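Visitor: I would like to learn how to read this model feature by feature. Please show it to me, and then we can go through it.

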Amino acid sequence: MKKYVCEVCDYVYDPEVGDPEHNIPAGTAFEDLPDDWECPLCGATKESFKEVDEAK
């Protein structure tokens with residue numbers, strides 16, 4: 001599964017970890033996060049995230 005980075009604060013959402021603080025279990029793909037999910041660090045919306053380019 002692909003990782004996504006917050007363009008506001010650089011938090012990386014890793015689906016293998018999930019977001020335990022917000023009851024998002026490990027194995028939850030970014031696309032499957034609730035529409036109202038926010039960055040746990042800065043509160044940015046899902047629209048503020050972009051796919052991590054693993055090639056860099």
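Visitor: Which residues is Lys2 in contact with, leaving aside its neighbours within four places in sequence?

Guide: This is a predicted model, so the answer holds for the prediction. With those neighbours left aside, Lys2 is in contact with Pro15 and Glu51. Lys2 itself sits in the segment before strand 1.

Visitor: How far apart in space are Lys2 and Glu31, C-alpha to C-alpha?

Guide: Sequence separation and spatial separation are read as a pair. Lys2 and Glu31 are 29 residues apart in sequence and 9.8 Å apart in space, C-alpha to C-alpha. Glu31 belongs to the loop between strand 2 and strand 3.

Visitor: Is Glu31 buried or exposed, and which residues is it in contact with?

Guide: Glu31 has a relative accessible area of 53%, and the cut-off for exposed is over 50%, so Glu31 counts as exposed. Outside the four places on either side in sequence, Glu31 is in contact with Tyr4 and Lys46.

Visitor: Where is Phe30 found, and is it buried or exposed?

Guide: Phe30 is found in the loop between strand 2 (12-13) and strand 3 (49-51). Buried means under 20% relative accessible area. Phe30 has 8%, so it is buried.

Visitor: Which residues does Phe30 touch, not counting those up to four places away in sequence?

Guide: Phe30 touches Tyr4, Tyr13, Trp37, Lys46 and Phe49 on that count. For a distance along the chain, take Glu7: Phe30 and Glu7 are 23 residues apart, and their C-alpha atoms are separated by 15 Å.

Visitor: Which residues make up the largest nonpolar core?

Guide: Such a core is a set of residues, and the members are best read as a list. The largest nonpolar core has 11 residues in all: Tyr4, Cys6, Tyr11, Tyr13, Ile24, Phe30, Leu33, Trp37, Cys39, Ala44 and Phe49.

Visitor: What does Trp37 touch, with residues up to four places away in sequence not counted?

Guide: Trp37 touches Tyr11, Tyr13, Asp19, Ile24, Phe30, Ala44, Thr45, Lys46 and Phe49. Among them, Tyr11, Tyr13, Ile24, Phe30, Ala44 and Phe49 are also members of the largest nonpolar core.

Visitor: Next, Cys39. Where does Cys39 lie, and why does it count as buried?

Guide: Cys39 lies in the loop between strand 2 and strand 3. Its relative accessible area is 4%, and therefore Cys39 counts as buried. Residues up to four places away aside, Cys39 touches Cys6, Cys9, Tyr11, Ala44 and Phe49. The C-alpha atoms of Cys39 and His22, 17 residues apart along the chain, are separated by 10.0 Å.

Visitor: Where are Asp10 and Asn23, and are they buried or exposed?

Guide: Asp10 is in the loop between strand 1 (4-6) and strand 2, and with a relative accessible area of 60% it is exposed. Asn23 is in the loop between strand 2 and strand 3, and at 71% relative accessibility it counts as exposed.

Visitor: How many helices and strands does the chain have?

Guide: There are zero helices and three strands. From the N terminus on, the elements run β-β-β. The radius of gyration is 10 Å, close to the 10 Å that the globule rule gives for 56 residues, so the chain is as compact as a globular protein of that length. Along the principal axes, the C-alpha atoms fill a box of roughly 30 × 20 × 15 Å.

Visitor: What percentage of the residues of the chain count as buried?

Guide: Of the 56 residues, 36% count as buried. The chain exposes about 3900 Å², and carbon and sulfur atoms supply 46% of that. As for contacts between residues at least 6 apart in sequence, 45% join residues at least 24 apart.

Visitor: How many positive and negative side chains does the chain have?

Guide: The chain has 5 positive and 15 negative side chains. The centres of the two sets lie 8 Å apart.

Definitions and conventions:
Residues are numbered from 1 along each chain as its sequence is written. This is a predicted model: local features need pLDDT of at least 70, side-chain atom pairs count only at pLDDT 80 or more; totals for chains, interfaces and linings use all residues. Side-chain values use heavy atoms; hydrogens and water are left out. Helices (H or I, at least four residues) and strands (E, at least two) are DSSP runs, numbered from the N terminus. Buried means under 20% relative accessible area, exposed over 50%, partly exposed in between (1.4 Å probe, protein chains only). Contact means heavy atoms within 4.5 Å. A nonpolar core is a set of buried Ala, Val, Leu, Ile, Met, Phe, Trp, Tyr and Cys residues joined through side-chain atoms within 4.5 Å. The radius of gyration is taken over C-alpha atoms; the globule rule is 2.2 Å times the number of residues to the power 0.38. Accessible areas come from the Shrake-Rupley method with a 1.4 Å probe; for residues, only the protein chains shown count as cover. Lys and Arg count as positive and Asp and Glu as negative; His and the chain ends are not counted. The place of a charge is taken as NZ of Lys, CZ of Arg, CG of Asp or CD of Glu.
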